[in-house]
Amino acid sequence: MIDIKKLRNNELSISHAFALKLASVVMVVLVFVVFSMFIIKDKIYNDYVARILLSQAEDVRHQLIKLTDLDSLQYAKIVTYMWENIEHKTETKRWWNLANFLGIREIDLVSSDGVVKKSSVPSRVGLSILKDPAMSKFKGLLYSRDTYEGYIEPIDNELVLKKSFYRYAGVRLTKGGFLRFGTDIETLVTIIDAHAAKFLNDFHIGHAGFVLVLTPRNQILNIPRDIMARIDAKDLQNNFNFRATGVSTARMKGKDYLYVTSNFYGYSIIALLPKEEASKATHLFFYSFVTLFAIAFFVMFLETNNLIKKTVLDNIYNINLALSRIANGKLDTNIDVSDSPEFRELCNGINHTVKALKENLEERQKAVMLELEIAKNIQFSSLPQETAIFNNSDDFEIFAQMDTAKEVGGDFYDYYNVTENKIVFLVADVSGKGVYAAMFMMRAKTLLKAIARNNYDNPAEILYRANEILCEENSVEMFLTCWLGVLDQDTGKITYANAGHNYPIFIKNGSVEFLSHKPNFLLAGMKNIKYTNYTVYLGAGDKILLYTDGVNEAQNDYGKFYGNERLLSTVTDVNDYCAASLCKFVRQSVKDFVNGAEQADDVTLLCLAARDRYVFNFKPDIESVPLVLDYLESKLSELGINRKIILHVCIASDEICANIAQYSGADCASLKIYKKDKFLVIYFNSNGVLFNPLRNEDPDVTLTAQERIPGGLGILIVKKLIDSVSYESKNGQNILRMEIRLDDCAMI
C-alpha cells in the first residue's frame with residue numbers, strides 16, 4: 001500500500017506513487033484471474049478435449065461420407081454411360097447384370113418432362129416425379145445443362161439398419177431426362193467399410209490417440225498394427241458407450257482414455273485420446289494462458305503508466321519547469337501544454353496571469369529605468385566628456401572613459417584647471433555599485449574639487465581634508481580609493497598622492513612600468529590618516545595611465561583575472577598611441593578577454609600624455625627663413641605628410657617668418673610642430689612687439705595695387721592655405737597657431 005504520509009511529505013513523487021498503486025491493482029487482478037482459471041480449469045479441460053476429439057471424429061465421418069458418395073455416383077455414371085451406348089437389345093441383359101453387380105437393384109428412366117417412361121418397378125411407369133415426394137428430389141436434373149450431372153440423396157442415419165430400403169442416385173442423360181438408380185444398403189455398407197479400413201491406416205490424434213470405426217454389425221474395421229496393441233475387444237464391450245454424447249471416460253488395457261462418439265449410417269466413429277496426453281495439452285494451454293495473461297497485464301501496466309506519465313505527469317513537469325523559469329524572472333516564457341482541455345485551460349490561465357504581471361512589471365521597470373537614466377545622465381554630465389587641451393596648449397592631452405557595471409556606478413574621474421598652467425586630474429573607485437555608490441561618488445567628487453581649488457600644490461593635503469570630512473558623515477559606511485595628481489604644464493612636473501588606489505602605469509621614453517610608490521590608506525575609512533606626495537616628470541611622448549580595479553580584476557567565464565601583468569603587456573604593445581587610442585585599446589583588450597562574461601565592476605581609464613613635438617629656434621631675420629623652411633620640409637616628410645600639404649605649409653610659413661623678421665622687432669623666435677590624430681599643428685613664437693596680425697580686415701583683392709591699402713596680403717595667403725589660424729599673446733610672447741586637417745590623401 002502507498003504511504004500517503006510520505007507522499008504528503010514529498011518523500012514519494014506522484015509518478016512513483018501512481019506506478020506503485022497501478023502495480024498493486026494489476027497484481028491483485030492477475031492473481032484473481034489465475035485463481036479463477038485454476039478453479040474452472042477442469043471445465044476448460046473437458047471442453048478443450050471434447051472439441052479436439054469431436055473435431056477429429058467429425059473429420060473422419062465427413063471423409064467417409066464424401067468418399068462413399070463419390071463412389072456411388074461414379075457407379076451410377078458408369079451405368080448411365082453404358083445405357084446410352086447400347087446398340088442392340090441383346091446387350092440390355094448384359095447391361096442389367098453389370099448394374100446388379102454394382103449393387104443397383106432398381107432403375108427408373110425419367111423423360112425430360114418428368115414422367116417415368118421405363119422402370120424396374122412397373123407401377124412407376126407413367127408416374128410424374130413431381131407427384132412423388134421421394135422422386136421429386138431429383139427434379140433439378142431435368143433443368144440441368146451439364147451432361148451426366150449426378151445427384152445422390154442423403155440417407156437417414158437409421159437407413160442402414162433397415163435392410164429393405166435403397167439409396168437412390170440420379171444421372172442426367174445427354175438428350176434430356178435422367179436415370180435413377182437404387183443401390184441396396186448392403187452394397188453401401190461394403191463401400192463404407194472399404195473406405196474406412198483404408199482411411200484409418202494413416203489417421204492419428206496427437207501422439208497416442210487414434211480413431212475406431214464400429215460397423216452396424218458391431219465389427220471393428222481394419223486397424224493399423226501400431227494401434228492394435230492398444231485395443232482390447234472386451235474392454236471396448238464393457239467400458240465404452242458408443243451411443244454416448246460429449247466426452248466420456250473409459251479404461252482399456254490399464255490406461256484411461258477420453259473418447260467421443262459420432263454416429264452415421266449405423267456406424268460409430270470413436271475418437272480416443274489417452275487422458276495423460278490430453279492433460280498435458282490442457283496444462284500447456286493453462287500455463288500458456290496464464291503466461292500470456294501475465295504478459296498482457298504487464299504490457300497494460302507499462303502502457304497505462306506511460307500514458308499517465310505522458311498525458312499528466314510530463315505536462316505537470318513541463319508546467320512546473322516553465323513556472324520555475326518564470327519565477328527566475330523569464331516572464332517571456334509561454335506555457336504550451338495542450339494535450340487536453342483541462343491542461344489547456346490551466347496553461348491559458350497561467351499565461352494570462354504572467355502576461356498581466358509582465359505588463360505591470362514592465363510599466364514599473366520603465367519608471368525605474370527612467371529614473372536611473374536620469375541619474376546616469378546626471379552622473380556622466382558631471383564628468384569631463386571629451387579629450388581636453390588645457391590653456392590652448394598642444395603640449396598635453398588627457399582622455400578618460402568610464403563603463404559602469406550597472407545603470408549608475410561608483411567609479412569616477414575628473415580633471416580641471418586650478419590655475420592657468422596647472423591641472424588637477426584623478427581617478428577614484430567607490431566601494432559597491434548602484435545608486436548608493438553613485439550618490440557617494442557625487443559627494444566625494446564635489447568635495448575633492450572644492451578642496452583642490454585652494455590646495456592644488458599639495459595633493460596629500462587635498463586627500464587628508466577630504467578624508468576627514470567624508471569620515472564625519474558616512475552613515476552608509478562606504479569608502480573609496482583615489483589617485484590624485486597635479487600637472488604643471490610649464491615643466492611637465494606631476495605631484496601626486498595615492499589613497500589606496502591601483503598603481504598607475506608610467507610610460508617614459510618608451511619604457512613601461514608601474515608607479516609603485518606605496519599607497520596610503522583609502523578615504524572615508526578612518527580619520528587622521530596622513531598621505532604622502534610623490535613627483536614624476538612628463539617629457540615629450542611620455543604618458544601616465546590611471547585605471548580602476550574593474551580593469552585588472554576583470555574576470556572571464558573560466559574564473560581567470562585579466563591581471564596586472566596582462567595590463568602591463570597590453571600597454572607595452574601600444575605605448576606610442578595617443579591618450580584616447582591607448583585607453584580605447586586597453587578597454588577593448590579587457591572586453592576580448594572576458595569574451596562576453598557579465599561585467600562585474602565599473603571600468604574607468606584615464607590617460608595624461610605629453611605630446612611628441614619638434615622645436616626649432618631661429619634668429620628672426622630674412623637670412624633665417626630658408627633654414628626654417630628646410631627644417632619644416634624635413635620634419636613634415638619624416639611625419640609622412642602629403643607633398644601638397646607640405647607645400648602649403650612652407651608657403652604660409654615663409655609669409656609668417658618674413659613678417660616676424662621685418663615688423664616684429666623680435667630678437668629670438670621658435671617653431672613648434674605637433675601631429676595629433678588627423679591634425680597638424682604648428683606654432684610660431686616671437687618676443688617682439690605684441691601685435692595680432694589677424695585683427696585687421698583682409699585686403700580687397702578685387703582692387704588694384706594703387707587702390708588697396710598696403711599690407712595684409714601675406715596673412716591673407718596664410719588664411720587661404722591653412723585650415724585654421726589663431727593668435728594669442730602670453731608672457732610677453734606673440735604666439736601664432738596654424739592647424740591643418742589631414743585626411744586619407746594627406747599622407748605620402
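Helices here are DSSP runs of H or I with at least four residues, numbered from the N terminus. With that in hand, let's work through some exercises on this predicted model.

**Exercise 1. Work out how Lys 635 and Glu 638 are placed relative to each other, and whether Lys 635 is buried or exposed.**

Solution. 
- Start with the element: Lys 635 and Glu 638 both belong to helix α15, which covers residues 625-638.
- Next, the spacing: the two sit three residues apart, about one turn of the helix.
- Now the distance: their closest N and O atoms are 3.7 Å apart. The cut-off for a salt bridge is 4 Å, so the pair qualifies.
- Finally, the cover: Lys 635 has 18% relative accessibility, and because buried means under 20%, it counts as buried.

**Exercise 2. Find the partner of Asp 108 and describe the surroundings of the pair.**

Solution. 
- The partner is Arg 124, with 2.9 Å between the closest N and O atoms of this salt bridge.
- The pair links distant parts of the chain, 16 residues apart: Asp 108 is in strand β1 (residues 104-110), while Arg 124 is in the loop between β2 (116-119) and β3 (150-152).
- Asp 108 counts as buried because its relative accessibility is 0%. Arg 124, at 17%, counts as buried too.
- Widening the view, Asp 108 and Arg 124 join Glu 106 and Arg 180 in a network of salt bridges.

**Exercise 3. Characterise the salt bridge between Glu 153 and Lys 137.**

Solution. 
- The N to O distance is 3.9 Å.
- This pair also links distant parts of the chain: Glu 153 lies in the loop between β3 and β4 (166-172), and Lys 137 in the loop between β2 and β3, 16 residues apart.
- Glu 153 is buried, with a relative accessible area of 9%, whereas Lys 137 is partly exposed at 45%.
- For context, the structure holds 18 salt bridges.

Notes
Residues are numbered from 1 along each chain as its sequence is written. This is a predicted model: local features need pLDDT of at least 70, side-chain atom pairs count only at pLDDT 80 or more; totals for chains, interfaces and linings use all residues. Side-chain values use heavy atoms; hydrogens and water are left out. A salt bridge is a side-chain nitrogen of Lys or Arg within 4 Å of a carboxyl oxygen of Asp or Glu. Buried means under 20% relative accessible area, exposed over 50%, partly exposed in between (1.4 Å probe, protein chains only).
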